[in-house]
Amino acid sequence: MQFTVAIDGPAAAGKGTVSKAVATHFGFAYLDTGLLYRAVGARVLDGADAIEAAQSLNAKEIDGSQLRTAEVAEAASKAAAMPEVRAALVEFQRGFAKRQGGAVLDGRDIGTVICPDASVKLFVTASAEVRAKRRFLELSEKESSVDFEQVLADVKARDERDASRDAAPLVAADDAVVIDTSELTIKEAVSAAVSAIEAKLVS
Ligand code: CDP
Ligand code: CDP
């Protein structure tokens with residue numbers, strides 16, 4: 001069975017959390033496409049050319065553990081604005097989406113560009129303040145000197161760059177179900193996503 005769930009939205013909205021939970025619930029495979037761009041961003045920080053880094057990326061060997069920093073996120077977002085970088089990553093994502101047994105992909109352009117024919121499209125969002133608070137809590141677990149105002153400014157700057165670029169900007173697909181998680185617990189957000197997917201699975 002081919003069944004693709006596309007989940008897009010701004011930084012720290014809860015895309016990954018919802019994606020992992022629904023993938024487990026339905027037994028689907030999960031791809032965090034942000035990690036592809038983060039891996040490219042990390043290589044740029046090490047001095048590589050963004051386009052060459054994207055073209056030579058071995059997506060199956062990405063180790064996410066070093067990639068969830070604010071510096072890598074910013075470098076990822078800058079590299080992600082380049083059409084050649086995006087083009088180099090399309091084939092792997094589309095291949096993953098078409099695998100048998102169901103797939104969940106999360107990112108910025110899954111429902112609009114990577115999988116315009118996805119079985120279900122979700123746009124997971126939340127207010128900038130709520131998202132910055134969540135990201136602040138996550139980063140504070142790893143580093144001691146995290147400043148909330150800086151995290152908020154970083155999140156807003158990245159969303160602005162992602163939404164205003166010409167190549168595959170961050171935008172909800174016309175046919176996406178919007179889930180605003182600002183006032184939702186993780187459980188509530190997951191159950192909203194599960195309901196939206198079940199509605200398509202039975203129809
Ligand atoms: O993948 P994305 O950047 O959109 O967000 P995430 O990494 O899934 O979530 C960011 C943080 O918000 C995580 O620490 C979640 O536990 C937390 N969170 C959430 O995802 N959903 C809620 N309704 C409440 C908190
Ligand atoms: O976890 P968070 O939402 O903060 O970021 P991410 O999903 O890991 O994505 C990092 C950056 O990669 C984003 O700010 C985008 O610039 C870029 N990205 C993209 O352009 N397209 C995707 N499908 C996924 C990520």
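Hi everyone, a word on records before we start: UniProt positions are given here in the numbering used for this model, feature names are shortened, and annotations may be inferred rather than shown by experiment. With that in mind, an unreviewed UniProt entry places "domain: Cytidylate kinase" at residues 5–197.

Now some ground rules. This is a predicted model, where local features need pLDDT of at least 70 and side-chain atom pairs count only at pLDDT 80 or more, while totals for chains, interfaces and linings use all residues. Residues are numbered from 1 along each chain as its sequence is written, chains are lettered from A and ligands numbered from 1 in the order in which they are written, and side-chain values use heavy atoms, with hydrogens and water left out.

Back to residues 5–197: the end C-alpha atoms lie 8 Å apart, and the span is 54% helix and 12% strand. Helices (H or I, at least four residues) and strands (E, at least two) are DSSP runs, numbered from the N terminus.

Let's visit ligand 1. Which residues come nearest to ligand 1? They are K15, G16, T17, R135 and L184, out of 13 around it; a residue counts as near if one of its heavy atoms lies within 4 Å. Look next at polar contacts, meaning pairs of N or O atoms within 3.5 Å; within protein, one must be able to donate a hydrogen and the other to accept it, and residues adjacent in sequence count only if both atoms are side-chain atoms. An oxygen of ligand 1 sits 2.8 Å from a side-chain N or O atom of K15, and an oxygen of ligand 1 is 2.9 Å from one in the side chain of R135. Taken alone, ligand 1 exposes 540 Å², and the protein buries 78% of that. These areas come from the Shrake-Rupley method with a 1.4 Å probe; for residues, only the protein chains shown count as cover. Helices α1 (15–26) and α7 (128–142) are the elements giving two or more residues to this shell.

On to ligand 2, which has 18 residues around it, the closest being K15, R38, R86, R135 and D162. A nitrogen of ligand 2 is 2.9 Å from a side-chain N or O atom of T33, while an oxygen of ligand 2 is 2.8 Å from one in R86. Alone, ligand 2 exposes 530 Å², of which the protein buries 95%. Its shell draws at least two residues each from α2 (34–45), α4 (70–80) and α8 (148–164).
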